[in-house]
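Visitor: Could you walk me through this one? I'd like to start with the ligand and then move on to the helices.

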Amino acid sequence: MPGNKIFLFGLDFAGKTTLLSFLKGTPNPNPSPTKAFNVVQMIVNDSEFHIWDAPGQINYRSTWKENLRKSNILLFILDTSDLARFREAKDEFDKIINDSQLRGVPLIFCFHKMDIKTSDDNLKRAQDIFNLHNMKDRSVFPLATTIKSTKSINELKDIIVKLVINSQKIAFKARTKDFLSH
Ligand SMILES: Nc1nc2c(ncn2[C@@H]2O[C@H](COP(=O)(O)OP(=O)(O)OP(=O)(O)O)[C@@H](O)[C@H]2O)c(=O)[nH]1
Ligand SMILES: [Mg+2]
């Protein structure tokens, strides 16, 4: 089904699986580290999509490339409290963002764990390193998130749903054009 694959990535311990559980409405504040892609289906206001939650530990990162094909939305999670790993996070981010198969695919970027005091202190530094303003040829939606704020979880959900609907419209248009040209 077109318009429904969301690629959720970021370093180990960034909070991907935790955030996903809150997004789905089945909160689990302390999941085990993910060891293989965890594909979660969600249906929100009649929009169906699948979130592909990547395993972030270094040994599993080689599996990202083989699982990102045909993603319609990229969702990156940064542990904003962990300044020491910003560089590592940026390197892994760049590898995915520069993949030619993902050209033009919209990106939602979560500055996550914003409930932690150091996250606030690190935010400016994170924004400088990731330099999202400079991102060419894709839409970027930066968000500050934490599992402690339902508002931030709902904001994330709203953006996902809007992008899913948009991506379905584009796929529908492409199919119609294809049909009419035959
Ligand atoms: N303070 C705080 N901790 C969080 C938040 N989100 C997640 N965590 C914690 O971060 C830790 C790692 O969470 P996971 O969801 O397992 O991280 P992950 O990115 O899925 O890690 P991998 O599966 O190894 O790739 C857990 O101890 C969570 O409780 C948040 O918003 N605030
Ligand atoms: Mg995980």
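Guide: A residue is taken as near a molecule if one of its heavy atoms lies within 4 Å of it. Please keep in mind that this is a predicted model.

Visitor: Which residues come nearest to ligand 1?

Guide: There are 22 residues around ligand 1, and of these Thr18, Pro29, Thr34, Gly56 and Asp115 come nearest.

Visitor: And what lies 3.0 Å from an oxygen atom of ligand 1?

Guide: One such atom is a backbone N or O of Phe13, and another is an N or O atom in the side chain of Lys113. Taken alone, ligand 1 exposes 660 Å², of which the protein buries 90%.

Visitor: Switching to helices: how do α3 and α4 cross?

Guide: The crossing of α3 past α4 is right-handed, and the axes of α3 (residues 86–97) and α4 (residues 117–130) come within 10 Å, at an angle of roughly 35°.

Visitor: Which residues meet there?

Guide: From α3, Phe86, Arg87, Ala89, Lys90 and Phe93 meet Asn122, Arg125, Ala126, Ile129 and Phe130 of α4. By class, that contact has six nonpolar, one polar and three charged residues.

Visitor: One more, where is Ala36?

Guide: Ala36 sits in the loop between α1 (16–24) and β2 (38–44).

Definitions and conventions. Residues numbered from 1 in each chain as written. Chains lettered and ligands numbered in written order. Predicted model: local features only at pLDDT ≥ 70, side-chain atom pairs only at ≥ 80, totals over all residues. Heavy atoms only, no water. Axes fitted to C-alpha atoms, helices over the stretch in contact; angles between N-to-C directions. Helix = DSSP H or I, 4+ residues; strand = E, 2+ residues; numbered from the N terminus. Left-handed = near helix turned anticlockwise from the far one by under 90°. Contact = heavy atoms within 4.5 Å. Nonpolar A, V, L, I, M, F, W, Y, C, P; charged D, E, K, R; others polar. Polar contact = N/O pair within 3.5 Å; in protein donor to acceptor, adjacent residues only side chain to side chain. Areas by Shrake-Rupley, 256 points an atom, 1.4 Å probe, with all protein chains shown as cover.
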